[in-house]
There are 2 protein chains.
Amino acid sequence: MSLNHAPHAEPADAPATFAAPTRAARRFAFELSLAMRHAGTRRVRVRGEWQGPAGAPVVVVAGGISAGRQVVGEPGSPGWWPAQVGPGRAIDTTRRRVLALDWLGADGSLDAPIDPADQADALAAVLDRLEVARLDAFVGASYGAMVGLQFAARHGARLRRLLAISGAHRPHPYASAWRALQRQVVALGRSEGNVSHALALARQWAMLSYRTPEEFARRFDAPAALEAGQVRTAAEDYLAHCGRRYAARWCSTAFLRLSESIDLQQVEPAAITVPTTVVAVAEDRLVPLSDLQALVEGLGGPARLRVLRSEFGHDAFLKEDAAVARLLRESLGDVA
Amino acid sequence: MSLNHAPHAEPADAPATFAAPTRAARRFAFELSLAMRHAGTRRVRVRGEWQGPAGAPVVVVAGGISAGRQVVGEPGSPGWWPAQVGPGRAIDTTRRRVLALDWLGADGSLDAPIDPADQADALAAVLDRLEVARLDAFVGASYGAMVGLQFAARHGARLRRLLAISGAHRPHPYASAWRALQRQVVALGRSEGNVSHALALARQWAMLSYRTPEEFARRFDAPAALEAGQVRTAAEDYLAHCGRRYAARWCSTAFLRLSESIDLQQVEPAAITVPTTVVAVAEDRLVPLSDLQALVEGLGGPARLRVLRSEFGHDAFLKEDAAVARLLRESLGDVA
């Protein structure tokens with residue numbers, strides 16, 4: 001692995017050796033020509049961030065469709081996985097170089113079907129630009145796990161090992177139906193000029209799929225109220241808040257195309273020969289344990305399955321900090 | 001129990017003894033003054049149907065919010081429970097007199113909060129008009145089970161026994177959130193003048209809650225397709241068909257007010273001293289087994305719990321004909 005040629009957006013003064021753990025992330029952006037599976041060859045812009053010292057083993061970290069390059073973040077913007085990535089964390093940025101990208105489509109400029117394989121190919125192209133020959137690990141959760149499986153299948157020679165959390169080789173038909181109806185909610189708002197409200201509502205439906213009845217029973221165990229002659233249930237304020245916050249940050253095209261992308265996932269497990277750890281959450285309503293068992297049984301290389309229990313269901317990777325940290329350390333621990 | 005005074009809508013030539021099993025249902029309608037829990041005293045119209053011979057023990061049968069008085073139906077309109085109700089069926093209309101009502105609110109004319117207790121009180125008023133002193137049984141499924149619990153708590157002296165299938169003393173908070181979002185989908189369409197499409201979409205969301213991932217995995221196990229540059233998942237045609245069919249028959253006010261009514265359910269189990277059989281479906285995503293266990297443990301009279309397994313989840317009472325028939329015969333079997 002060579003890092004002699006820094007990418008254009010890497011500051012010229014980047015230290016060549018392991019640097020102070022608190023050093024800021026380095027941002028970059030590349031224009032790529034990408035042969036997409038369903039949308040022809042397109043010019044796309046890929047944005048990413050580095051964390052950690054140059055020369056250290058490179059770990060790609062990838063989360064759900066609403067997660068991006070900002071894994072750790074900065075004051076006022078916490079990033080999406082600060083509990084797991086950083087100095088002294090399970091993915092230790094004093095010992096590893098962490099790379100994260102914004103998903104193709106996340107900025108809303110790509111209004112076309114985006115296959116998870118396209119994301120994997122974009123990553124491979126970015127690694128070429130960054131002159132990273134091989135990843136020490138790909139750690140993906142949710143959609144990120146789907147893309148990790150694609151990367152392992154399509155670019156296995158560039159990957160030492162894969163950790164796939166709560167993401168499978170295919171979407172579950174019931175989860176696909178759930179997402180399809182979310183997209184129809186957005187389409188209803190789009191056709192009627194009420195996109196922001198519809199997007200917020202679709203996000204609330206997504207929230208239900210990310211969480212579990214057990215969590216809602218604990219948090220929202222109050223009788224329905226009557227407000228102006230209409231029933232209001234205990235979770236509505238919380239869900240509405242989540243929906244509005246999402247709609248303020250995202251555009252409908254990004255939501256639609258990345259939601260679709262999950263439903264386009266198709267990987268042949270036998271094509272993956274990279275050592276792979278699959279993490280399932282027993283309560284996950286989107287990615288059932290049975291699908292991840294089938295994945296592990298079908299993988300073409302060394303494979304193991306770890307099962308968590310969590311009332312947070314699909315969102316466990318964002319909420320069960322201690323258990324997830326243990327799994328990450330176990331999977332990455334053989335690198336000193 | 002006296003049936004000497006037939007209700008006004010009962011044909012004058014109704015036989016006084018057990019009649020031919022194929023005799024048609026008798027329809028009636030009453031205007032009632034009803035003291036509603038959240039909407040003051042209202043004049044309401046209640047429509048119902050009788051099946052079976054006059055003088056036989058009376059069984060009330062009640063289903064989900066989209067089920068009504070037409071339990072068995074007629075040519076071209078099959079009713080909602082023909083597998084269980086009829087001559088020789090588990091609820092045998094040669095030996096029992098079956099009574100079923102349309103729900104308050106089902107015709108869309110009552111745009112106010114409707115408590116399940118209101119439905120129970122309306123039934124009690126109907127029984128007065130019909131001069132039915134006491135029911136041999138109340139067999140309720142889904143919302144019908146909720147109303148049955150209300151009737152047992154409020155009018156227990158008029159009920160010999162209750163069979164409550166897939167309905168509880170309270171709504172589950174997660175299921176309430178699910179329904180609240182359905183209502184918001186309808187509200188989105190209403191505000192934009194696209195009610196029918198929004199109602200069809202809300203119904204599709206309801207369908208997801210009535211069924212299970214296991215059923216979808218069996219029926220819709222095909223990769224997503226691309227149509228005109230958009231992803232279409234395997235279950236979408238089926239769900240869209242169900243949604244359109246529903247929207248053609250129902251109005252949004254009926255849907256909204258009956259959906260709300262489920263979320264208004266609150267019964268103190270200890271107030272129910274009538275012998276009660278509760279039937280749970282382990283896979284039910286709306287009414288979890290744990291809530292029905294809590295119900296049975298809290299009941300104030302003889303209580304037993306029966307648990308079915310079914311890939312049809314909440315809809316098992318409509319789909320698992322043999323298993324449901326066994327439960328019905330077991331519960332009603334001591335009446336010759």
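**Aromatic cluster and chain interface**

Ring pairs link twelve side chains into a cluster: A:Tyr174, A:Trp178, A:Trp205, A:Phe216, A:Phe220, A:Tyr238, B:Tyr174, B:Trp178, B:Trp205, B:Phe216, B:Phe220 and B:Tyr238. Rings of Phe, Tyr and Trp (its six-membered ring) pair if their centres lie within 6.5 Å; planes under 30 degrees apart are stacked, over 60 edge-to-face, and the rest tilted. The model is predicted: local features need pLDDT of at least 70, side-chain atom pairs count only at pLDDT 80 or more, and totals for chains, interfaces and linings use all residues. Residues are numbered from 1 along each chain as its sequence is written, chains are lettered from A and ligands numbered from 1 in the order in which they are written, and side-chain values use heavy atoms, without hydrogens and water.

Over all chains, the structure holds 26 aromatic pairs. The ring centres of A:Trp205 and B:Trp178 lie 6.2 Å apart with planes at 80 degrees, so this pair is edge-to-face. A:Trp205 belongs to helix α4 (residues 195-210) of chain A and B:Trp178 to helix α3 (residues 173-191) of chain B, so the pair joins two chains. Helices (H or I, at least four residues) and strands (E, at least two) are DSSP runs, numbered from the N terminus. Both A:Trp205 and B:Trp178 are buried. Buried means under 20% relative accessible area, exposed over 50%, partly exposed in between (1.4 Å probe, protein chains only). The rings of A:Tyr246 and A:Trp250 have centres 5.8 Å apart and planes at 5 degrees, so they are stacked. A:Tyr246 is buried at 4% relative accessible area. A:Trp250 is buried too, at 13%.

Charges also sit over rings (NZ of Lys or CZ of Arg within 6 Å of the ring centre and within 35 degrees of the ring normal). A:Arg97 lies over the face of A:Trp50, 4.0 Å from the ring centre. The charged end of A:Arg219 sits over A:Tyr238, at 4.2 Å from the ring centre.

The contact (heavy atoms within 4.5 Å) takes 50 residues from chain B and 50 residues from chain A. The buried area (accessible area lost on putting two parts together, 1.4 Å probe, summed over both) is about 4,300 Å² between the chains, with 67% from carbon and sulfur atoms. B:Tyr174, B:Leu188 and B:Trp205 supply 17% of the area that chain B buries against chain A, more than any other three residues. Two salt bridges (side-chain nitrogen of Lys or Arg within 4 Å of a carboxyl oxygen of Asp or Glu) are counted between chain B and chain A. B:Arg170 and A:Asp221 meet in a salt bridge, 3.0 Å from N to O.
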